[in-house]
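Please keep the sequence and the model in view while reading.

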Amino acid sequence: MRGGIAREDVHYRIGPLTTYADAAELERKFRKADAGERIVYAIGPSLTPGVPAAALARNWHQQGLCHLSRQRDPGGAGWQYFIEKRPNAAASANAVSQSCSIAGRPEEQLLAVLARVAGPLPSLDLLAERARLPHRQAADYRLRLLVEGGFIKIRRVGVNRFVEILRTGDSL
């Protein structure tokens, strides 16, 4: 043998991996879901802490907006992990589109970060970090909610984007 590992002696295998829903898509589906509707957010043997979709599901569960459940995957890949929207959560989850308060919501944190921005708009990664959002897609989604709610306006000047704060009220 000339160095390295004797390959016939090495035995390892990579087990099945868990597949997660895209966090922005999951949030959109949850907002539109009716009370009692179940949404699959992961399929696999186990959940990994810190994954955006799983973190959203746990956050909604802690807020009392949904039940979390799982059942054996018929395809044999482990488990299907579900979010089941609670009946009293329908109004809470759809609140952004119905002019609700942003107090205590991620949009409020992002708006505060944007109010401190001097110069061009930072990257979505930096906005997510400063607003304590789980990932860049969440920052992009919340930024679009603020634009749709009339809180901010984004204008392009050359390759840069600048934010103009239109209002700082409590509701979208």
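Y41 counts as buried, at 4% relative accessibility. The model described here is a predicted one. The points below begin with aromatic rings, turn to charges placed over rings, and end with salt bridges.

**Aromatic pairs**

- The count of aromatic pairs in the model comes to 2.
- One of them is formed by F30 and W60, which are stacked, with 4.2 Å from centre to centre and 10 degrees between the planes.
- F30 belongs to helix α1 (residues 23-32) and W60 to helix α2 (residues 52-62), so this pair ties together parts that are 30 residues apart in sequence.
- F30 is buried, with a relative accessibility of 3%, and W60 is likewise buried, with a relative accessible area of 7%.
- Y41 and Y81 also pair: their ring centres are 6.3 Å apart and their planes stand at 55 degrees, so the pair is tilted.
- Y81 counts as buried at 6% relative accessibility, and Y41 is buried at 4%.

**Charges over rings**

- R72 has its charged end over the ring of W79, at 4.1 Å from the ring centre.

- The model has 7 salt bridges by count, among them the bridges described here and under the next heading.
- E25 and R28 form a salt bridge in which the closest N and O atoms are 2.6 Å apart.
- Both E25 and R28 lie in helix α1, and the 3 residues that separate them correspond to about one turn of the helix.
- Are these two side chains buried or partly exposed? E25 counts as partly exposed at 33% relative accessibility, and R28 counts as partly exposed at 31%.
- E27 and R31 meet through their side chains in a salt bridge of 3.5 Å, N to O.
- These residues, E27 and R31, are also both in helix α1, 4 residues apart, which is about one turn of the helix.
- E27 is buried, at 6% relative accessibility, and R31 is buried as well, at 14%.
- Both values, 6% for E27 and 14% for R31, fall under the 20% that marks a residue as buried.

- E27 is in helix α1 and R142 is in helix α6 (residues 136-148), so the pair ties together parts that are 115 residues apart in sequence.
- R142 counts as buried, with a relative accessibility of 7%.

How values were computed: Residues numbered from 1 in each chain as written. Predicted model: local features only at pLDDT ≥ 70, side-chain atom pairs only at ≥ 80, totals over all residues. Heavy atoms only, no water. Phe/Tyr/Trp six-rings, centres within 6.5 Å; stacked < 30°, edge-to-face > 60°. Helix = DSSP H or I, 4+ residues; strand = E, 2+ residues; numbered from the N terminus. Buried < 20%, exposed > 50% of the residue type's maximum accessible area, 1.4 Å probe, protein only. Lys NZ or Arg CZ within 6 Å of the ring centre and 35° of its normal. Salt bridge = Lys/Arg side-chain N within 4 Å of Asp/Glu carboxyl O.
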